[in-house]
Amino acid sequence: MKKLFRSIFKGILLLVILTVVLNAAVVITGALNMEQNYDSSSGKNADCILVLGAAVRPDGTPSGALKSRLNKAIELYEAGAAPKLLLSGDNGQTNYNEVEVMKNYVLAAGIPSSDIFLDHAGFSTYESIYRAKAVFQVKRPVIVTQKYHEYRAVFTARMLGLSPVGVPCSTSFSSNSTSQDVREYFARCKAVFQCIAKPDPTYLGTAIPISGDGTASW
């Protein structure tokens with residue numbers, strides 16, 4: 001029995017060490033490709049601002065997390081950080097459409113429709129970034145999300161062959177940070193294995209180059 005318990009203990013210890021190492025790899029990679037302030041003077045020639053989706057309210061307005069991401073994206077667009085917005089979110093059900101809410105919000109802020117691209121099949125961070133490259137032919141995205149999530153998003157983009165810059169937005173909205181941190185810890189581990197295996201996303205489809213007219217994706 002002692003040998004069995006030792007084996008179990010060693011297995012658990014190795015698993016814990018593995019998750020710590022994987023998290024460290026994701027966080028370090030993300031941190032090295034993250035900037036608090038970013039504009040056209042950087043010389044990095046970003047081709048779009050990629051906004052990752054988040055929950056929307058039943059009344060059709062963005063949640064605090066999503067609103068923060070959209071506000072940062074609008075600010076970056078107006079500063080000349082990139083010429084296009086790519087709004088990627090979950091529209092997997094007829095009665096739930098993150099992307100439509102995102103589109104309406106940035107249109108109300110005065111962003112030209114031709115500069116707004118919509119990805120209705122961004123069901124996860126991995127799928128949003130995979131499709132950004134495969135469908136929208138993005139190479140150098142400015143990725144906007146909260147900092148805790150930014151590490152994983154930037155890591156994924158790097159692993160999929162993109163040259164990203166992560167620009168984190170505010171986390172001032174109310175949230176359960178403890179459960180959020182736990183989920184993100186394990187999500188980072190999953191991201192490493194996803195980026196090694198590189199599974200296809202749920203949907204691909206015809207290419208819609210980010211260099212063109214955004215309304216072609218509506």
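**Close-up views of the predicted model**

**View 1. Pairing of strands S4 and S5.** Thr145 has Pro168 of S5 as its bridge partner. Strand S4 (residues 141-146) and S5 run in the parallel sense and are joined over five bridges. As in every view below, the coordinates belong to a predicted model.

**View 2. The open sheet.** Five strands, in the order S3-S2-S1-S4-S5, make up an open sheet with parallel pairing. Strand S3 (116-119) and strand S5 (165-169) are the edge strands, each pairing on one side only. On average, and with direction ignored, neighbouring strands of this sheet are turned by 25 degrees against each other.

**View 3. Helices H3 and H4 on the sheet.** Helix H3 (residues 98-108) packs on the sheet, where it touches strand S1 (48-52), strand S2 (85-88) and S3. The direction of H3 makes about 150 degrees with that of S2. H4 lies across S1, S2, S3 and S4, and runs at about 155 degrees to S1.

**View 4. Contact of helix H4 with helix H5.** Helix H4 (residues 125-134) packs with helix H5 (residues 147-159) at an angle of about 40 degrees, and their axes are 10 Å apart. This angle makes H4 oblique to H5. The crossing in which H4 passes H5 is right-handed. H4 contributes Thr125, Tyr126 and Ile129 to the contact, while H5 contributes His149, Arg152, Ala153, Thr156 and Ala157. By class, the residues of the contact of H4 with H5 are four nonpolar, three polar and one charged.

**View 5. Contact of helix H5 with helix H6.** H5 and helix H6 (residues 177-197) pack with their axes 10 Å apart, at an angle of about 5 degrees. The two helices H5 and H6 are therefore roughly parallel to each other. From H5, the contact involves Tyr148, His149, Tyr151, Arg152, Phe155, Thr156 and Met159. From H6, the contact involves Gln180, Glu184, Ala187, Arg188, Ala191, Val192 and Cys195. Eight nonpolar, three polar and three charged residues form the contact of H5 with H6.

**View 6. Contact of helix H1 with helix H5.** Helix H1 (residues 2-32) and H5 cross at roughly 85 degrees, and their axes come within 8 Å. On the H1 side, the contact is made by Ala25, Val26, Val27, Thr29, Gly30 and Ala31. On the H5 side, the contact is made by Tyr151, Arg152, Val154, Phe155 and Arg158. The contact of H1 with H5 comprises seven nonpolar, two polar and two charged residues.

**View 7. A salt bridge within helix H2.** The side chains of Glu75 and Lys72 form a salt bridge, with an N to O distance of 3.4 Å. Both Glu75 and Lys72 belong to helix H2 (residues 64-78), where they lie three residues apart, about one turn of the helix. The structure holds six salt bridges.

Terms used. Residues numbered from 1 in each chain as written. Predicted model: local features only at pLDDT ≥ 70, side-chain atom pairs only at ≥ 80, totals over all residues. Heavy atoms only, no water. Axes fitted to C-alpha atoms, helices over the stretch in contact; angles between N-to-C directions. Helix = DSSP H or I, 4+ residues; strand = E, 2+ residues; numbered from the N terminus. Parallel < 35°, antiparallel > 145°, perpendicular 65-115°, else oblique. Left-handed = near helix turned anticlockwise from the far one by under 90°. Contact = heavy atoms within 4.5 Å. Nonpolar A, V, L, I, M, F, W, Y, C, P; charged D, E, K, R; others polar. Pairing = 2+ DSSP bridges. Salt bridge = Lys/Arg side-chain N within 4 Å of Asp/Glu carboxyl O.
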